[in-house]
Amino acid sequence: MQRSVIRPSPVFLGIVGVAVLGGVLTALANQDDYYTFDGPGALAITGTVLLVLGGWAVSLCLHEFGHAWFAYRGGDKQVYFKGYLTLDPRRYTDPVLSIVLPLLFLLIGAIPLPGGAVWINHHALRSRATQSVVSLAGPLSNLVLGVLIAVVVSAVPMPVGLAAGLSVLALFQVLAFVLNILPIPGLDGWGAIEPWLSYEAQRFGAKVRPWAPLVLFALIIGVPQVGNTIFGWADDLYTTLGGSPLAVVGYDAFKFWNF
């Protein structure tokens, strides 16, 4: 059992390799590539995009692994046989919705769309508290990863480009936590409180679960007040956690077409 848990799949290692390649390119980019009137240079853009997208794909795998690991510990042994404890995105129920679509949302709109990939047998979990922990494990993994990246950026001397790319990746992790912790059906925040709600509330949540997150993201994109509020919460939390202001530089390189 332990060998399967601690041994990542080749696909996962390949995703890590993409992130590492992006980090190398950002480190090699000249600092002036990030501070030009015409926008970041090609090397800075390529490195930042690879670093952020690769890092985000890694975090999606860790997010789902967090759900599966705590579900396994909480009584749902089927997650092991489904291969969810191997960090292999091919094992996910729908890799397109869980990996490809979130990457596209991040690249196009800078919105870290939560994935939804592992099927948990909630009836096998030992208690309502366990169900809440399983739901919270995913977004908390994003928060922990964001904090760890922010700490590394602040504590380890590194080129400006690499620090900027890692900082915007950390900011996206914090934003993913804020989005996914909202008590909206279909998101993990709802999953955490659902076991404690009335039967009628649970039925309502089940009915709106398929489209409620889509409505939220439509509001974020289409209603500036909603998007600004949620992004403001994430930015405040990111700053409170000690996140570097270089995230702005990394964001400009990631969304290079804005120039």
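How many salt bridges does a search of the whole structure find? The search finds 1 salt bridge, the term denoting a side-chain nitrogen of Lys or Arg within 4 Å of a carboxyl oxygen of Asp or Glu. The model is predicted, so local features need pLDDT of at least 70 and side-chain atom pairs count only at pLDDT 80 or more, while totals for chains, interfaces and linings use all residues. Residues are numbered from 1 along each chain as its sequence is written, and side-chain values use heavy atoms, with hydrogens and water left out.

The salt bridge joins the side chains of Arg209 and Glu194, at 2.9 Å from N to O. Because Arg209 lies in the loop between α9 (199–208) and α10 (212–222) and Glu194 in the loop between α8 (188–193) and α9, the pair ties together parts that are 15 residues apart in sequence. Helices here are DSSP runs (H or I, at least four residues), numbered from the N terminus.

Elsewhere, helix α3 (residues 42–73) packs with helix α7 (residues 160–180) at an angle of about 35 degrees, their axes 10 Å apart. Axes are lines fitted to C-alpha atoms over the stretch in contact, and angles run from 0 to 180 degrees between N-to-C directions. The contact (heavy atoms within 4.5 Å) includes Trp56 and His63 of α3 and Phe172 and Asn180 of α7.

Technical notes. Helices (H or I, at least four residues) and strands (E, at least two) are DSSP runs, numbered from the N terminus.
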